Amino acid sequence: MKLLGAIEAGGTKFVCGIGKEDGTIMDRVSFPTTTPEETMGQVLEYFKGKDVEAIGIGSFGPIDPVLGSPTYGYITTTPKPHWGQYNLVGAVAEHFNVPIGFDTDVNGAALGEYTWGAAQGLDSCLYITVGTGIGAGAVVGGKLVHGLSHPEMGHIVVRRHPDDNYAGFCPYHGDCLEGLAAGPAIGGRWGKPAAELPIDHPAWEMEAHYLAHALMSYVLILSPQKIVMGGGVMKQSHLFPLIRTKLQELLQGYVQHPALNTDINNYIVSPQLGDNAGLSGAIGLAKLALVQE
Ligand code: ADP
Ligand code: ZN
């Protein structure tokens, strides 16, 4: 079986690994995200002599995933120091003459869950991460969603919770979904890191309010057959039932499907691939690159 290389490029760390076409992960390592020179030096060194037939990269963004664009393969307007306008695919291509797949980390994770995880056998799914930021990727009709660039579903506008006076921390929009509901928003609003708030704290009902509003929009716009929710904040597993109930209340039965009624516990789920969702996704992107070559 062919060996595939995978890079999950995150704002905190880069996880690299080797996998097979069936999604098996054979090796994984991680390097802190510092400067492109240092981090990419370690990444490129890792793949040396590994004999991979393709490399998949799921990256933090914004990125340019549009083939043919002059900045294809770049991390573009990120506020993260050193990484703005960085040619990530170019750096890998300079050293490895193999097909390279490139997409957002969340599109990668959606592809991983679709191919090997919670959404196997379906032809659409949505993956949302609620962590330092909020991002979502989607497979629709068996294909990852792109367009002008890539979707930015973490920055949608949501209805404000009536008891919320927190301004929101998104540097672009203030109180978009990410600004109101990512991990730092919970910490900023309540004056304590999200992980330290007890499960009966009002923070969680408010968090579920925002996430359910976001899922409502995703359901209405994309109609995904499965919603996978990952990221640090979703480690609070008591959020799942709160979100499911609120989504049902918001939809008011308007979308008629068992997935949204009796079967909602199987509709909104945690990543089946667990903490490997991102790396598996990058293996999926490598596999796609091989097919498309
Ligand atoms: P990243 O988004 O940087 O890849 P994570 O998905 O781990 O990383 O998200 C980190 C964020 O998630 C932080 O804002 C942190 O407060 C929050 N977080 C991490 N673990 C937990 C937890 N157990 N409960 C609630 N929030 C958490
Ligand atoms: Zn925003």
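Reader: Where is the place of Tyr 254?

Author: In this predicted model, Tyr 254 sits in the loop that runs between α7 (239-251) and β12 (268-269).

Reader: Is Tyr 254 buried or exposed?

Author: Tyr 254 counts as exposed, because its relative accessible area is 70%, and the cut-off for that class is over 50%.

Reader: What about Gln 252, where is its place?

Author: Gln 252 also belongs to the loop between α7 and β12. Its relative accessibility is 66%, so Gln 252 counts as exposed.

Reader: What is the phi of Gln 252?

Author: The phi of Gln 252 is near 55°, which is a positive value in a residue other than glycine. As background, most residues other than glycine have a negative phi.

Reader: And Gln 85, what is its phi?

Author: Gln 85 has a positive phi of about 55°, and it is not a glycine. The residue is found in the loop between β5 and β6 (86-87). Gln 85 counts as partly exposed, because its relative accessibility is 46%.

Reader: Still on the backbone: is the peptide bond from Gly 61 to Pro 62 cis or trans?

Author: That bond, from Gly 61 to Pro 62, is cis, with omega near 5°. Pro 62 lies in the loop between β4 (54-59) and β5 (74-75). In general, most peptide bonds are trans.

Reader: New topic. Which residues are around ligand 1?

Author: The residues around ligand 1 include Thr 12, Gly 131, Thr 132, Gly 183 and Pro 184. Also among them are Ala 194, Ala 195, Gly 231, Gly 232, Val 233, Lys 235 and Gln 236.

Reader: How many of the shell residues are nonpolar, polar or charged?

Author: By class, the shell around ligand 1 has four nonpolar residues, seven polar residues and one charged residue.

Reader: Which atoms of Thr 132 and ligand 1 lie 2.6 Å apart?

Author: A polar atom in the side chain of Thr 132 lies 2.6 Å from an oxygen atom of ligand 1. For Gly 232, a polar backbone atom is 2.8 Å from an oxygen atom of the ligand. In the case of Gln 236, an N or O atom of the side chain is 2.7 Å from a nitrogen atom of ligand 1.

Reader: How much of the accessible area of ligand 1 does the protein cover?

Author: Ligand 1 has 570 Å² of accessible area on its own, and the protein covers 60% of this.

Reader: Back to Gln 236: is it buried or exposed?

Author: Gln 236 is buried, because its relative accessible area is 16%, and buried means under 20%. The residue lies in the loop between β11 (227-230) and α7.

Reader: Which side chain does Gln 236 contact within the protein?

Author: The side chain of Gln 236 makes a polar contact, at 2.7 Å, with the side chain of His 238.

Reader: And Lys 235, which residue does it meet in a salt bridge?

Author: The side chain of Lys 235 meets that of Asp 275, at 3.8 Å from N to O. Lys 235 lies in the loop between β11 and α7 and Asp 275 in the loop between β12 and α8, so the pair ties together parts that are 40 residues apart in sequence. Both residues are exposed.

Reader: How many salt bridges are there in the whole structure?

Author: A search of the whole structure finds six salt bridges. One of the pairs is Glu 45 with Lys 48, whose closest N and O atoms are 3.2 Å apart. Glu 45 is partly exposed, with a relative accessible area of 49%, whereas Lys 48 counts as exposed at 52% relative accessibility.

Reader: What about Asp 164, which residue is its salt bridge with?

Author: Asp 164 forms a salt bridge with Arg 160, and the closest N and O atoms are 3.8 Å apart. Asp 164 counts as buried, at 6% relative accessibility, whereas Arg 160 counts as partly exposed, at 29%.

Technical notes:
Residues are numbered from 1 along each chain as its sequence is written. Chains are lettered from A and ligands numbered from 1 in the order in which they are written. This is a predicted model: local features need pLDDT of at least 70, side-chain atom pairs count only at pLDDT 80 or more; totals for chains, interfaces and linings use all residues. Side-chain values use heavy atoms; hydrogens and water are left out. Helices (H or I, at least four residues) and strands (E, at least two) are DSSP runs, numbered from the N terminus. Buried means under 20% relative accessible area, exposed over 50%, partly exposed in between (1.4 Å probe, protein chains only). A residue is near a molecule or strand if one of its heavy atoms lies within 4 Å of it. A polar contact is a pair of N or O atoms within 3.5 Å; within protein, one must be able to donate a hydrogen and the other to accept it, and residues adjacent in sequence count only if both atoms are side-chain atoms. Accessible areas come from the Shrake-Rupley method with a 1.4 Å probe; for residues, only the protein chains shown count as cover. Ala, Val, Leu, Ile, Met, Phe, Trp, Tyr, Cys and Pro count as nonpolar, Asp, Glu, Lys and Arg as charged, and the others, Gly among them, as polar. A salt bridge is a side-chain nitrogen of Lys or Arg within 4 Å of a carboxyl oxygen of Asp or Glu.
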